[in-house]
Amino acid sequence: MAKRTVRDLQDLKGARLFVRVDYNVPLENGRITDDTRIRASLPTLDHLVKAGARLVLASHLGRPKKGPTPEFSLKPVAERLKDLLGAPVAMAPDCVGPEVRRMSEDLRDGEMLVLENVRFHKEEEANDPAFAHRLVTDTGATIFVNDAFGTAHRAHASTEGVSHYVSRSVAGLLMEKELRYLGMARDAPDHPYVAVLGGAKVSDKIAVIENLFSKVDSLLVGGGMAYTFLRAEGLVTGKSLVEEEKVELARRLLEKAGPKLRLPMDHVVASAFKEDAERRTLPVDQIPADWMGLDIGPATIKAYTEAVRPAKLVFWNGPMGVFEMKPFADGTLAMARALAESSGTSIVGGGDSVAAVTQMGLADKIDHVSTGGGASLEFLGGDELPGVACLEDA
Ligand code: ADP
Ligand code: MG
């Protein structure tokens, strides 16, 4: 179901908006190492600033478990935002309280205030109604804009709770883009539709596999999760990553999916989980007893990239191998290139897969690189995300 967005809001001049963004950026010694998430919020902020709205931005950062902790402060984020916008950005000392009230009232048209980390209060994750109410009353917001797709799978005070105390709740432009592309992958794909699934574990992706295979034309499996399926086919897998308790489920999935579900035919095996381990390329039915499979092999790369080429829609989640170690990155690199070169719509979702395409410098050649790791998987698994469900239907 499509949602109303900031584009559907009129007469924003002077209006105060509570904008939930995802500024959960990686930090090292107080320095931001990747500001992709801050940049991703700029289209929404731009749109609202031009309309003359007054913006109060809320986000979490990290997992502060003991209340306010300087290392989880959003101050460096506000600084970076100021640089990116080339405009002043105020920073509040907390996300509720008298100072927030005063600073929100001081906002003029087109100005913005960043609230301190909402997770400094345990009521945030508990979705405490009184806390959600305070977020709205202390900021004086009348409209909720959710642009934090990456946290939309959690019903927290700032992602869902606030929607009950404002007159309107709409999606930001990043949220809209996520819903449009991932909605295509989940509900209304163009055909041929190819899904590529890899990564560490089958158990993380069961719902996605089950939900997708009635919609895809082929489902290409690689990465560590392939070994649970290979074991289900009766192959010897050495020390490769196998989830014993999922082998039976894998067998059922193989039966249900039939020839749509494809498994690697060759792999790169190694004597240890180490960059400089001894390695060999072998058919998947061969592996020395103490060795482990750490990447898909060249024949699989060829078959999978050929399957992706004619696709009108490709969705990829999960690396094809242990790409963090160069000798086992070929499969993931080849898949990233295949998506980048495909003429159809290409979508990548999942924390590590996104990191892989970004590292490989291919992110801008992919139609949609999802910012929501866990959220994109829950969405594709068919779950309604609470931070989306609370927004107005279009
Ligand atoms: P995503 O975050 O994209 O959803 P996952 O978290 O499921 O992906 O999996 C990513 C991890 O899977 C990576 O750290 C990668 O090293 C690991 N992986 C991929 N292939 C293998 C393999 N054959 N054996 C062990 N680990 C693997
Ligand atoms: Mg991951």
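## Helices H11 and H12

In this predicted model, the axes of H11 and helix H12 (residues 330-341) come within 9 Å and cross at roughly 15 degrees, where axes are lines fitted to C-alpha atoms, for helices over the stretch in contact, and angles run from 0 to 180 degrees between N-to-C directions. H11 and H12 are therefore roughly parallel to each other, since angles under 35 degrees count as roughly parallel, over 145 as roughly antiparallel, 65 to 115 as roughly perpendicular and the rest as oblique. Helices (H or I, at least four residues) and strands (E, at least two) are DSSP runs, numbered from the N terminus.

The crossing of H11 and H12 is right-handed; a crossing has this name if the near helix is turned clockwise from the far one by less than a right angle, and is left-handed if anticlockwise. On the H11 side the contact is made by Ile 301, Tyr 304, Thr 305 and Val 308, and on the H12 side by Asp 330, Gly 331, Ala 334, Met 335, Ala 338 and Leu 339, with contact meaning heavy atoms within 4.5 Å. By class, these residues comprise seven nonpolar, two polar and one charged, where Ala, Val, Leu, Ile, Met, Phe, Trp, Tyr, Cys and Pro count as nonpolar, Asp, Glu, Lys and Arg as charged, and the others, Gly among them, as polar.

Three strands form an open sheet in the order S13-S12-S14, with antiparallel pairing, and two strands are taken to pair if DSSP finds at least two bridges between them. Strand S13 (279-283) and strand S14 (292-296) are the edge strands, each pairing on one side only. Neighbouring strands of this sheet are turned by 40 degrees against each other on average, direction ignored.

Strand S12 (residues 266-270) runs antiparallel to S14 and is joined to S14 by four bridges; Ala 270 has Met 292 in S14 as its bridge partner. Helix H11 (residues 298-308) packs on the sheet, where H11 touches S12, S13 and S14, and the direction of H11 makes about 40 degrees with that of S14.

## Helices H7 and H14

The axes of helix H7 (residues 173-186) and helix H14 (residues 373-380) come within 9 Å and cross at roughly 40 degrees, which makes H7 oblique to H14. H7 passes H14 in a right-handed crossing.

Leu 179, Leu 182, Gly 183, Ala 185 and Arg 186 in H7 meet Ser 376, Phe 379 and Leu 380 in H14. The residues of this contact divide into five nonpolar, two polar and one charged.

His 164 is placed in the loop between strand S7 (143-146) and strand S8 (168-171). His 164 is exposed, with a relative accessible area of 56%, on a scale where buried means under 20% relative accessible area, exposed over 50%, and partly exposed in between (1.4 Å probe, protein chains only). From His 164 to Cys 390 there are 226 residues in sequence and 8.4 Å in space, C-alpha to C-alpha.

Ser 218 lies in strand S10 (residues 218-221) and is buried, with a relative accessible area of 13%. Not counting residues up to four places away in sequence, Ser 218 touches Tyr 193, Val 194, Ala 195 and Lys 260. Arg 231, in helix H9 (residues 226-232), counts as partly exposed at 24% relative accessibility. Leaving aside neighbours within four places in sequence, Arg 231 is in contact with Thr 237, Val 242, Glu 244 and Val 247.

## Basis of the values

Residues are numbered from 1 along each chain as its sequence is written, while chains are lettered from A and ligands numbered from 1 in the order in which they are written. In this predicted model local features need pLDDT of at least 70, side-chain atom pairs count only at pLDDT 80 or more, and totals for chains, interfaces and linings use all residues, while side-chain values use heavy atoms, with hydrogens and water left out.
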